[in-house]
Amino acid sequence: MSHDGLSFLKGIIAGEFPQPPIAEVLGFHLAEAEPNRVVFEGLPELRHYNPIGTVHGGFAATLLDSALACAIYTTMRKGEAWTTLELKLNYVRALTKDTGPVRAEGRIIHRGRSVATSEGDLKDLSGKLYAHATTTCMIFPAKS
């Protein structure tokens, strides 16, 4: 990687780099990135429905996984890498096609040499909580 994590994420927002392919598939995008914090925005739609008539939990999980992992990515120096070891998610209420836009915000809890943790939540534009989560990621040092 020729950029540090935060610069790369800001490049996505500025249109210098493309949004990740999963963002196009599910209809969400990276909206904000600053040190230790990111926000993804998405719109739950009928195409995201599961057989029981609500938005599939994977939609919320993907937005939160993206936000929590990318919050950690904001701390990566050029050449460092990371991967998710664990994602813990709590659903508070169902998303529907009538929910409107939602925002998944991820925030750093801890950034160590080899492990980082973050937390976040998924809310609608009025601030109503739909899900919250934590993650643990493994950090891989830059190769010399």
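A polar contact is a pair of N or O atoms within 3.5 Å. The legends below use that term for a predicted model.

Figure 1. Along the sequence they follow the pattern α-α-β-β-α-β-β-β-β. The radius of gyration is 15 Å, close to the 15 Å that the globule rule gives for 144 residues, so the chain is as compact as a globular protein of that length. Along its principal axes, the C-alpha trace spans about 50 × 30 × 25 Å.

Figure 2. Of the 144 residues, 41% count as buried. The chain exposes about 7,500 Å². Carbon and sulfur atoms supply 56% of that area. Now consider contacts with a separation of 6 or more: residues 24 or more positions apart account for 63% of them.

**Figure 3. Charged side chains.** The chain carries 15 positive and 15 negative side chains. The centres of the two sets lie 4 Å apart.

**Figure 4. Helix H1 and its cover.** Helix H1 takes in residues 5-13. Its buried residues are Gly5, Leu6, Leu9, Gly11 and Ile12. What covers them? Strand E1 (28-34), strand E2 (37-42) and helix H3 are included in that cover.

Figure 5. Start at the N-terminal end, which Asp4 caps. A side-chain oxygen of Asp4 lies 3.1 Å from the backbone nitrogen of Leu6. Leu6 is also one of the buried residues of H1. Now move past the helix. Just after H1, Gly15 takes a positive phi of about 85°.

**Figure 6. Thr74, a loop residue.** Thr74 sits in the loop between helix H3 (57-73) and strand E3 (81-91). Is Thr74 buried or exposed? Its relative accessible area is 8%. Buried means under 20%, so Thr74 counts as buried.

**Figure 7. The surroundings of Thr74.** Leave out residues up to four places away in sequence, and Thr74 touches Gly5, Leu6, Leu9, Glu34, Pro35, Asn36, Arg37 and Val38. Among them, Gly5, Leu6 and Leu9 are buried residues of helix H1. Which backbone atom does the side chain of Thr74 reach? The side chain reaches the backbone nitrogen of Asn36, at 2.8 Å.

Terms used
Residues are numbered from 1 along each chain as its sequence is written. This is a predicted model: local features need pLDDT of at least 70, side-chain atom pairs count only at pLDDT 80 or more; totals for chains, interfaces and linings use all residues. Side-chain values use heavy atoms; hydrogens and water are left out. Helices (H or I, at least four residues) and strands (E, at least two) are DSSP runs, numbered from the N terminus. The radius of gyration is taken over C-alpha atoms; the globule rule is 2.2 Å times the number of residues to the power 0.38. Buried means under 20% relative accessible area, exposed over 50%, partly exposed in between (1.4 Å probe, protein chains only). Contact means heavy atoms within 4.5 Å. Accessible areas come from the Shrake-Rupley method with a 1.4 Å probe; for residues, only the protein chains shown count as cover. Lys and Arg count as positive and Asp and Glu as negative; His and the chain ends are not counted. The place of a charge is taken as NZ of Lys, CZ of Arg, CG of Asp or CD of Glu. A polar contact is a pair of N or O atoms within 3.5 Å; within protein, one must be able to donate a hydrogen and the other to accept it, and residues adjacent in sequence count only if both atoms are side-chain atoms.
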